[in-house]
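Me: I would like to learn how to read a protein model, one feature at a time. Can we start with the way helices pack?

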Amino acid sequence: MVVDAHNLRSEVRWSCARCEVSAGQIDDRPSPLPLTWTTSEGLAYCLSCSRARAADEAMELLPETITGEARAKLRRKALIRFEISRSPDSANRVIASACRTSTMAVAAVRDEIDIPLSTGVAPADN
Ligand SMILES: [Zn+2]
């Protein structure tokens with residue numbers, strides 16, 4: 001197998017490490033990672049799992065004191081953030097529809113994209 005300078009892998013069949021969905025050419029020729037997929041530590045993830053992983057990762061960083069509505073809001077924000085960094089050139093409405101949110105919400109996240117996800121809440125120390 002030829003690996004080019006950019007280390008782009010080709011596989012006959014890509015399988016998502018999380019949901020096991022697979023993608024590939026009909027004629028079984030090796031193809032590069034599908035555009036919408038991401039790789040992490042040598043594993044490939046389909047678009048929906050990539051999104052879920054981005055949101056899950058953000059959730060893991062949150063203190064347990066953040067629950068319910070606030071948590072759901074931050075999860076949605078993480079998703080928008082992932083979608084923007086995945087395709088920064090996409091119009092806000094495209095990202096909004098991918099994340100099932102409003103263009104206003106996308107615009108707001110774009111405005112603060114360089115600011116790390118911050119809860120502003122100190123962990124409870126009882
Ligand atoms: Zn998947």
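Reply: Two packed helices are described by the angle between their axes and the distance between the axes. This is a predicted model. Here helix 2 and helix 4 pack at an angle of about 75°. Their axes are 10 Å apart.

Me: How are helix 2 and helix 4 arranged, parallel or perpendicular?

Reply: Angles from 65 to 115 degrees count as roughly perpendicular. Therefore helix 2 and helix 4 are roughly perpendicular to each other.

Me: Which residues of helix 2 and helix 4 meet?

Reply: From helix 2 come Lys 77, Ile 80, Arg 81 and Ile 84. From helix 4 come Ala 105, Val 106, Val 109 and Arg 110. Five residues of this contact are nonpolar, three are charged and none is polar.

Me: What explains the spacing along a helix?

Reply: An α-helix has 3.6 residues a turn, so residues three or four places apart point the same way. Look at helix 2 again: Lys 77, Ile 80, Arg 81 and Ile 84 are its residues in the contact with helix 4.

Me: Which residues of helix 2 are buried?

Reply: A residue counts as buried if 20 or more other C-beta atoms lie within 10 Å of its own. In helix 2, that holds for Ala 78, Leu 79, Ile 80, Arg 81, Phe 82 and Glu 83. Their cover includes helix 1 (47-61), helix 3 (92-98) and helix 4 (103-111).

Me: And which residues are buried in helix 1?

Reply: Cys 49, Ser 50, Arg 51, Ala 54 and Ala 55. The buried residues of helix 1 pack against strand 5 (38-40), strand 6 (43-45) and helix 2. Across the whole protein of 126 residues, 15% count as buried.

Me: What should I look for among buried residues?

Reply: In soluble globular proteins, nonpolar side chains tend to be buried together. In this model, the largest nonpolar core has ten residues. Among them are Ala 54, Ala 55, Phe 82, Ile 95, Cys 99 and Val 109. Helix 1, helix 2 and helix 4 each supply at least two residues of this core. Helix 2 gives the most, with four. A second, separate core has five residues, including Trp 14, Ala 44, Cys 46 and Cys 49.

Me: Take Val 106 from the largest core. What is Val 106 in contact with?

Reply: Set aside neighbours within four places in sequence. Then Val 106 is in contact with Ile 80, Asn 92, Ile 95, Ala 96 and Thr 101.

Me: Where does Val 21 lie, and what does Val 21 touch?

Reply: Val 21 is in the loop between strand 2 (13-15) and strand 3 (22-24). Beyond four places in sequence, Val 21 touches Cys 16 and Cys 46. Val 21 and Cys 46 are 25 residues apart in sequence, yet 7.4 Å apart in space, C-alpha to C-alpha. Val 21 counts as partly exposed because it has 14 C-beta neighbours inside 10 Å.

Me: Which residues other than glycine have a positive phi?

Reply: Glu 41 is one of them, with phi near 50°. Glu 41 sits in the loop between strand 5 and strand 6. Arg 100 is another, with a phi of about 50°. Arg 100 sits in the loop between helix 3 and helix 4.

Me: Is each of these buried or exposed?

Reply: Glu 41 is exposed, with 5 other C-beta atoms within 10 Å. Arg 100 is exposed too, with 8.

Technical notes:
Residues are numbered from 1 along each chain as its sequence is written. This is a predicted model: local features need pLDDT of at least 70, side-chain atom pairs count only at pLDDT 80 or more; totals for chains, interfaces and linings use all residues. A residue is buried if 20 or more other C-beta atoms lie within 10 Å of its own, exposed if 12 or fewer, and partly exposed in between; C-beta atoms are placed from the backbone. Two residues are in contact if their C-beta atoms, placed from the backbone, lie within 7 Å. A nonpolar core is a set of buried Ala, Val, Leu, Ile, Met, Phe, Trp, Tyr and Cys residues joined through C-beta atoms within 7 Å. Axes are lines fitted to C-alpha atoms, for helices over the stretch in contact, and angles run from 0 to 180 degrees between N-to-C directions. Angles under 35 degrees count as roughly parallel, over 145 as roughly antiparallel, 65 to 115 as roughly perpendicular and the rest as oblique. Ala, Val, Leu, Ile, Met, Phe, Trp, Tyr, Cys and Pro count as nonpolar, Asp, Glu, Lys and Arg as charged, and the others, Gly among them, as polar.
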